[in-house]
Amino acid sequence: MADTIRPVLAGNKALVVGIANDHSIAYGCAKAFHTVGAELAVTWLNDKARPHVEPLGQELEAAIMAPLDVAVPGQLEAVFDLVRQRWGRLDILLHSIAFAPKADLGGGLLDCSAEGFAKAMDISCHSFVRMAKLAAPLMAEGGTMFAMSYYGANRVVPNYNVMGPVKAALEAACRYLAYELGPRGIRVHAISPGPLKTRAASGLKDFELLLNEAAAKAPVGELVDIMDVGYACAYLATSFARRVTGGTVYVDGGANIVA
Ligand SMILES: NC(=O)c1ccc[n+]([C@@H]2O[C@H](COP(=O)([O-])OP(=O)(O)OC[C@H]3O[C@@H](n4cnc5c(N)ncnc54)[C@H](O)[C@@H]3O)[C@@H](O)[C@H]2O)c1
């Protein structure tokens, strides 16, 4: 497939947040952006994550690599300072991070603590709003922003628990950001991938059942992989999709249309 792909994002600068390893959705997105010609900035969570992420950044010839824990004051601003110094602009922002404390994720919503709910909302949703605020001034000629959601935002998915309301808020945030940034030529997408075997997913109870169900339900008859998500985002970042914004784009083999 790769040798038939044209560099439709050549000259684009993309900041990709959320690579933990080569199973991460963010890695698939970074790889797809790179394959179609974009230049990358990638981040790692902390010193423990760095040895896993840095080689992937090198493989993808990332021009900028930096630490980013969105819960650490100043780190997000530091990443955007680097982007400003190095590139002076940004075309693509991809937010592919989520977190909820184990005790709060593992129980039902009724048992989620206020602190756990706030933490999940801050890392998984509000951090995207903060990123959008810092990214928008660098997108003077327009741009595209992405945040990763999941079907549990709209329908109850057993064991998704607190992440359901958090992803619903994330999808709503994408709509409001798309509304506010549209006049500046900036488009905002919530991407809703089908279940993928990643580290974040391993925190969900009975995740294997979700995978089996998704494969059985999807009209295309197969699970999605991280490159499917990446190429869908790459398309949305091109001018071929210049009138598409604000919605939730499912990359799930069509599973969401089946009752
Ligand atoms: N795997 C799935 O089935 C699936 C399906 C739909 C949506 N998603 C969403 O995709 C996104 C990426 O998850 P993934 O499945 O690729 O798993 P992953 O574990 O590879 O990625 C999650 C990322 O979140 C980052 N992160 C957590 N806390 C952070 C913080 N404080 N600051 C900065 N980064 C932080 C981690 O470092 C990691 O890179 C998440 O938003 C997840 O909810 C996943």
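Guide: A nonpolar core is a set of buried Ala, Val, Leu, Ile, Met, Phe, Trp, Tyr and Cys residues joined through side-chain atoms within 4.5 Å; buried means under 20% relative accessible area, with a 1.4 Å probe and protein chains only. This is a predicted model, in which local features need pLDDT of at least 70 and side-chain atom pairs count only at pLDDT 80 or more, while totals for chains, interfaces and linings use all residues. Residues are numbered from 1 along each chain as its sequence is written, and side-chain values use heavy atoms, leaving out hydrogens and water.

Visitor: How many residues has the largest nonpolar core?

Guide: The largest nonpolar core has 51 residues, and Phe-80, Leu-90 and Met-145 are among those with the most contacts inside it. Helix α6 (163-181) gives the most to this core, with eight residues. Helices (H or I, at least four residues) and strands (E, at least two) are DSSP runs, numbered from the N terminus.

Visitor: In what order do the strands of the open sheet stand?

Guide: Two strands pair if DSSP finds at least two bridges between them. Here seven strands, with parallel pairing, follow the order β3-β2-β1-β4-β5-β6-β7. Strands β3 (64-67) and β7 (248-251) are at the edges with a single partner strand each, so one side of each has no neighbour in the sheet.

Visitor: Which residue of β6 is the bridge partner of Met-145?

Guide: The partner is Val-188. Strands β5 (residues 143-148) and β6 (residues 186-193) pair over six bridges.

Visitor: Which strands does helix α1 touch?

Guide: Contact means heavy atoms within 4.5 Å. Helix α1 (residues 25-35) packs on the sheet and touches β1, β2, β4, β5 and β6.

Methods:
Axes fitted to C-alpha atoms, helices over the stretch in contact; angles between N-to-C directions. Buried < 20%, exposed > 50% of the residue type's maximum accessible area, 1.4 Å probe, protein only.
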